[in-house]
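Please look through the model below with this note beside you. The points are meant to be read in order, with each residue found in the structure as you go.

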Amino acid sequence: MKLHHKALRHFISVSVIILTSSFLIYELIASNKAMNAYMRYIIEKADSSFLYDKYTNQSIAAHLMRKFSSPKDPISLEQRKALCNAFESVNGAHGLNLTHHRYLPLRGTLQTHSSNCIEQLDDIFLLPAFDQAVNVNRELVDYGQGLGTLEYKFRYYIDLKNNYIYFYNLVNSYQFTMNHWSFLQKGTLGINQNDIDDVFTGRTVISSIYEDDLTQKKVMSFLTPVYLSGKLKGIVMVDINKENLKHIFYTNDRPLVWRYLNVTLSDTHSGKKIVIHQSETDLFQYVHYINDIPGGLRITLSLDFMYFIVSSWKIFAFYLLATILLLNMVRTHFRLYHNVTRENISDAMTGLYNRKILTPTLEQRLQQLVNTGTLVTFIAIDCDKLKIINDTLGHQEGDRIITIMAKAIQATIRKSDYAIRLGGDEFCIILIDHPTDLTPRLLERIRYNLQIIAPDTSINFSAGIYNMQPNDTIDDAYKASDAQLYLNKQKKHHRS
């Protein structure tokens, strides 16, 4: 019965944990769905920003193509002279505005491998169109859409026909010079001539991630072709660095998400990647979202589980509090039930079981043990001459002897056995799987424990032993052991 109640208590406790955990799991699943939807929103916002940069590049390239293909104004002698006077060489590179803004018609820096100031003469006088196109697009308003239009991205034009590069911004050529003019073969800028010939035939923009020679950091670039007379002349490029990408992906409406968000941008062609942002913690990925966007780019977003803990601490607190309270209620209920049950079947004076333990349920269990070959032994015990003690020394002394006897029995038997006070000085011990030859020793241990518990009191008892047989009831077994006790008591009386 005790094992049954213990198993029931464990079952109910586990059920409570499953119930409260189900609520937490439901919240996790709901939060996961919501965050996946938010991840899609982040990617859509980034894709819109990239689309805007592609559109800007195409607008600049279209403006250049119109300028290159339109009739050219004649170049005066003064213009030629001013250009050649501003032409300079630094660190093996040649060009304009290499160290200072000396050639005013151009806003940025032009670098070339040619030392001849007039070799790209026609192009140089057309490049202000590039400055104008970039400047016009920079003045566009973002309207709060998070497209990153207010970000100053690094834009430049590479001329593949005349082999020069023009940066919209001034570049200090003491610090950086484009010496790798074989980049179209070696892929220094992440591109090569074969790729351009194949890709630009059917597409107006390609994307790539490479390590920038100027900053020595990985950047993402959009490349847009510039055609002249049906042939590829150059490429308009925009570099988007890590800081630009952070601005694009930053979750303005949810700063807490940003703290625990991992953002990575990958080039599906080259395998190179830019780690845009990393979570402050690294428990495990709670939301993981991957999406490919046009241009051969892959965006990977993952949210650390710490976000759910921090953002949903009230749910966790409720879960823990509810679980603890319910488990405590279960424990209290079973403790009260155990106490009530124990009081119902326990003898108030001795603490042993009383007659109420001898239920049909116990009888059925004992019969099952006997039927499977397990030895069940009944021992009937009563104190010798207790009536004389009650008559001469009083019932208080008699009760003390009964209590001492109960303690000696309890100290002798195992937890799997039953010690029962039937009433007065009558006791019954039920031994489960106790060897027959050791039963007399058990009685001797009871006598020994009596001397230990009450050395100044002489207490004797008589006992009868009976091994329960198949089909025996508890009443049958006890009566048989009691009959044996009566015979032993008579023999003891005749001897005395």
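**Notes on the model**

1. His434 is placed in the loop between strand 15 (426-432) and helix 14, where helices (H or I, at least four residues) and strands (E, at least two) are DSSP runs numbered from the N terminus. This is a predicted model, in which local features need pLDDT of at least 70 and side-chain atom pairs count only at pLDDT 80 or more, while totals for chains, interfaces and linings use all residues. Residues are numbered from 1 along each chain as its sequence is written, and side-chain values use heavy atoms, with hydrogens and water left out.

2. Is His434 buried or exposed? His434 has a relative accessible area of 8%, so it is buried; buried means under 20%, exposed over 50% and partly exposed in between, with a 1.4 Å probe and protein chains only. Not counting residues up to four places away in sequence, His434 touches Leu375, Thr377, Arg414, Thr439, Leu442 and Arg445, a contact being heavy atoms within 4.5 Å.

3. Ile452 belongs to helix 14 (residues 439-453) and, because its relative accessible area is 55%, Ile452 is exposed. Together with Tyr448 and Ile453, Ile452 makes a nonpolar surface patch of about 310 Å².

4. Which residues of the largest nonpolar core touch the most other members? They are Phe50, Met220 and Phe249, out of 38 residues, and the largest share of this core, 8 residues, comes from helix 1 (residues 2-69). Such a core is a set of buried Ala, Val, Leu, Ile, Met, Phe, Trp, Tyr and Cys residues joined through side-chain atoms within 4.5 Å. Apart from this core lies another, of 26 residues, among them Leu386, Ala406, Ile429 and Phe461.

5. Lys242 lies in helix 7 (residues 242-249) and is partly exposed, because its relative accessible area is 36%. Lys242 and Met220 are 22 residues apart in sequence and 8.4 Å apart in space, C-alpha to C-alpha.

6. In helix 12 (residues 386-393) the buried residues are Leu386, Ile389 and Asn390. They lie on the same side of helix 12, because they cover an arc of only 100 degrees around the axis, the arc being that of the directions from the helix axis to the C-beta atoms. Lys387, Asp391 and Thr392 are exposed on the other side of helix 12, whereas strand 13 (376-383) and helix 13 (395-412) are included in what covers its buried residues.

Note on methods: Patch = residues over 30% accessible without salt bridge, like charges linked within 9 Å, V, L, I, M, F, W, Y side chains within 5 Å. Areas by Shrake-Rupley, 256 points an atom, 1.4 Å probe, with all protein chains shown as cover. Salt bridge = Lys/Arg side-chain N within 4 Å of Asp/Glu carboxyl O.
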